[in-house]
Amino acid sequence: MDDLLQEFIAETRETLEALSGEIVAWEAAPDDRERLDAIFRFVHTVKGSCGFLDLPRLSRLSHAAEDVLAAVRSGERHPDTRLVNAVLGIVDRIGEIVEAIDGGLALDDSGEELLIAALDEGADATVPAAASLPMRSPTRSVRLNVDLLDRMMSGMSDMVLARNELARRLREEGADPAVEAALERLSTTVAEMRDTVTRTRMQKIDALFSALPRMVRDTAAELGKAVTLHIDGSDVELDREMIEMMRDPLVHIIRNSIDHGIEAPSARRGAGKREQGRLSVSARQSGNQIIVLIEDDGKGIDTDALVAKALRSGSRTEAEIRGMDERARLDLIFEAGISTKEVATAISGRGVGMDVVRANVEQIGGRIELTNAPGKGLSIAIHVPLTLSIISAIGVGVGEQRFAISRQAIEEIVSVRGEAIRIDVLGDTPIATVRDRRLPLVDLGGLLGLDGNGDNVMLAILSVPGGSYALAVDTVLDHEELVIKPSAPAIMMTGIYAGQTLPDTGIPMLLLDCAGIAAAAGIRFWREAPADEVADEVHAAAVSALLFDDLDGVRRLVPLSAIDRVEPVATSAIRMSAGKLRLSLDGRIVPLAAQGDWSAQPTAHVLRLRDGDTEIAYAIREALDIVDLPEVMLPARTPGFVAGVVAMDDAQIEVLDLYWLFGEHGDTGQRSEPPLCLLDGADTAWMTSFLKPVIESAGYRVATALDVSDKPAVVLTMDQVPQYFAPQVSVVRLRREVENAASDDSIYRYDRAGLLAALANGARV
Amino acid sequence: MSRLFLIAHLAGRAVAIDSAQVDSVVDIGAIVPVPRADKQVKGLAALRSRVVTVIDPCAALGVAHSSEDSARAVVTRIDGHHYAIQVDSLEDVAPFDMVPLASGIVLDGGWGQAGCGTVELDGEPILVVDLRVLVPGALPIAA
């Protein structure tokens, strides 16, 4: 936001300087239309920016001036000297306030009412004198034309390439050390210059996103809707000019989403959605473009209404409409003068439609894509090219060839032989386990059909939209700053390259498109549904299960979703203690189920099964494979650790009964986040000393005061009226007397069973 | 009206290339292959401080490979990208009158797309090829 403010100040100051001449000229000739327009544009711009930046005083002043000037423009009022004076008074005042904002000074707002009142017809001609301000210190900044930066940038790229070539030639011819040293110095300077020039053009897209929460909040409030905004990828860097060009389309799309997309709370309830609309704005780099994705869970676009509108407006004939597929119909939204909403609202219906949005995006070489799910939401993807032409990259080698990978995509680089790195094969698919993360593994040599040398394999962990994967390469070379140029269409068509470059070696090198490689390797990422997502949208898919040999030699299955991980443990960590088999694991004790003798070997494999906060371990002999769990299962005759039996390739395979296992072995008292019981009221001292141990042993966390983030599951009090009150938190009240004189729902304070039952009841509500 | 044409040997045949399509004639050095790209794309080569995409016309035209690889190439600029089309040899640049293919002549295979007319060199008809056709991903400009 500070960036925006600084920009606003600089811009306003600059316009004011340019305007000072106009103002004087207008004063001399109030009928001069051009001067009037210039001043009108100024106050109009200031007004627009103020709304955005939340500067109410400036907003009020500029709004008043704009109204009057609009009246003059339309001929309703005549620009007499008094009016001109009043407007100029306001323009001066705007300048003063801007300086005050910049200097961080307070400026009292006395006289502003007078200034505004002076605009009225028939107002007194007195305009208060401007308050004198302390002189500001001159700021060390200039505003530059982006064209100039462009030229600088392309000159810089050529300079780097020329230096590379020079370096290569010198190396080939074996230059003398003095020349080498001079070249070295040149290289350093060029590198520094390049950094600086690049920075002048780049800006985090946060500059665009930071204003969104406020805007979404205000827009939603104006419309009486509730919208939660999710922002992702704020640190994606984008050309400064791109960011400016994206501002209007983005704002427009978001306003549209809230106005037309997301329904009113009552309609959402009716449609079985959460009352709060969900709007997500994210940015990511993909290959040589930036994708800004705006998704809402509103009602989507009603293509039928669009079609009807197009027919009515006469822009399309019925025959044309009939020939259109769904996508073409959807694209009607981009035609001038078409909106699904009958009545234009104050928010989005200002005569600017999606046609203008698309034009703006296309103007910067981008494109816009709609994905419409009627009734469920709309997702709009804006693709804009990455003008960023110098990137920091890591070179990787496969066989004889080198490729570049953008530093931005690399999470880390590890050696396969490093600790905590394993490569396994699931089915025929290799996977890498890096510390605790299990990642799909792509062998770059294999994918590209190049012969790797097989050993000395390094893994580059790459982060792509949706997830991460490991890319196996033979060698990792140095880090380089590379000038990336787009590749020919024939090369881009492969989908796995993002561009090409000529590094110092003089041998062309391709920049890999990490997302493209993932796609080419067939990796699909699925998003783990956010916790607050509606659960009933989950489709019944085949359940994956792990096939394993149990300790008693029987082959069994267990649903994969319950398995946290499979790991070897020393059998010495397994003990029969406190009446149960238990496994010591990472300093904790986890209940263990085993169907046979585990003590013969020094290590045993255990499945770590997890259900919410409860964890149990299940000792097995060997994990075999991941398979789809057959749907038909014959249930076991008696409840036990086997739920039933399924047929797989003519074999009868038993399936573990997770329900029974957790019921039998799970320690319910070991929840990682126990429910909170708040002791409230005057008698907390008694409750703390007498009741706390009892309540804690029943599995609650006890507190007498709440942290901000705490929400009690149940409140325990001895007062008639609890001090703490929140909806959906039940209150258990204790009484001192054995007899329930008031016949209310209170509980005698020494009634242990009654108290615990009431707590349990309350905590569940 | 006569235009300048470059007479070259390409994929084992003598062809004429409109000089307007020719940026320069060069000897290319090491070629870095581009895995997974179309087979016409021989790879990338450095040309001074520029990277060009090397096109193998034999693969583009669907004809059998000539015996040895020539380092000679004709550089052409299509849609903002530089391509080096490998040629066997270069003969001459001279003004010619291009005439359309005579009626009834249908060229085989890939030549049919690339050939857009003939010029006559000492009584010998030479096929005029459109370099754009050899470059995958670039559509020939409608005449």
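Trainee: With helices (H or I, at least four residues) and strands (E, at least two) taken as DSSP runs numbered from the N terminus, where does Ser62(A) sit?

Mentor: Ser62(A) belongs to helix H3 of chain A, which covers residues 56-73. Please keep in mind that this is a predicted model, where local features need pLDDT of at least 70 and side-chain atom pairs pLDDT 80 or more, while totals for chains, interfaces and linings use all residues. Residues are numbered from 1 along each chain as written, chains are lettered from A and ligands numbered from 1 in written order, and side-chain values use heavy atoms, without hydrogens or water.

Trainee: Is Ser62(A) buried or exposed?

Mentor: Ser62(A) is buried, at 0% relative accessible area; buried means under 20%, exposed over 50%, and partly exposed in between, with a 1.4 Å probe and protein chains only.

Trainee: What does Ser62(A) touch?

Mentor: Beyond residues up to four places away in sequence, Ser62(A) touches Val43(A), Val46(A), Lys47(A) and Ile94(A). Contact here means heavy atoms within 4.5 Å.

Trainee: And which helix holds His44(A)?

Mentor: His44(A) is in helix H2 of chain A, residues 33-53. Its relative accessibility is 40%, so His44(A) counts as partly exposed.

Trainee: Moving to Glu11(A), which residues does that one contact?

Mentor: Glu11(A) is part of helix H1 of chain A, residues 2-28. Leaving aside neighbours within four places in sequence, Glu11(A) meets Thr45(A) and Arg143(A). Thr45(A) is 34 residues from Glu11(A) along the chain, and their C-alpha atoms are 9.9 Å apart. Glu11(A) counts as partly exposed, because its relative accessibility is 34%.

Trainee: What happens just after H6(A)?

Mentor: Gly174(A) follows, with a positive phi of about 65°.

Trainee: New topic: which residues touch the most other members of the largest nonpolar core?

Mentor: They are Leu444(A), Tyr469(A), Leu471(A), Leu10(B) and Ile17(B), in a core of 59 residues. A nonpolar core is a set of buried Ala, Val, Leu, Ile, Met, Phe, Trp, Tyr and Cys residues joined through side-chain atoms within 4.5 Å. Strand E14 of chain A, residues 458-464, supplies the largest share, 4 residues.

Trainee: What surrounds Leu471(A)?

Mentor: Not counting residues up to four places away in sequence, Leu471(A) touches Met458(A), Leu459(A), Ala460(A) and Leu462(A), together with Ile405(A), Val442(A), Leu444(A), Leu512(A) and Ile517(A).

Trainee: How many residues are in the second core?

Mentor: The second core is separate and has 44 residues, among them Ala220(A), Val251(A), Val281(A) and Leu306(A).

Trainee: What about Cys514(A), buried or exposed?

Mentor: Cys514(A) has a relative accessible area of 6% and is therefore buried. Cys677(A) is buried as well, at 0%.

Trainee: Finally, how many helices and strands does chain A have?

Mentor: Chain A has 21 helices and 34 strands. Of its 765 residues, 44% count as buried. Among its contacts between residues at least 6 apart in sequence, 65% join residues at least 24 apart.
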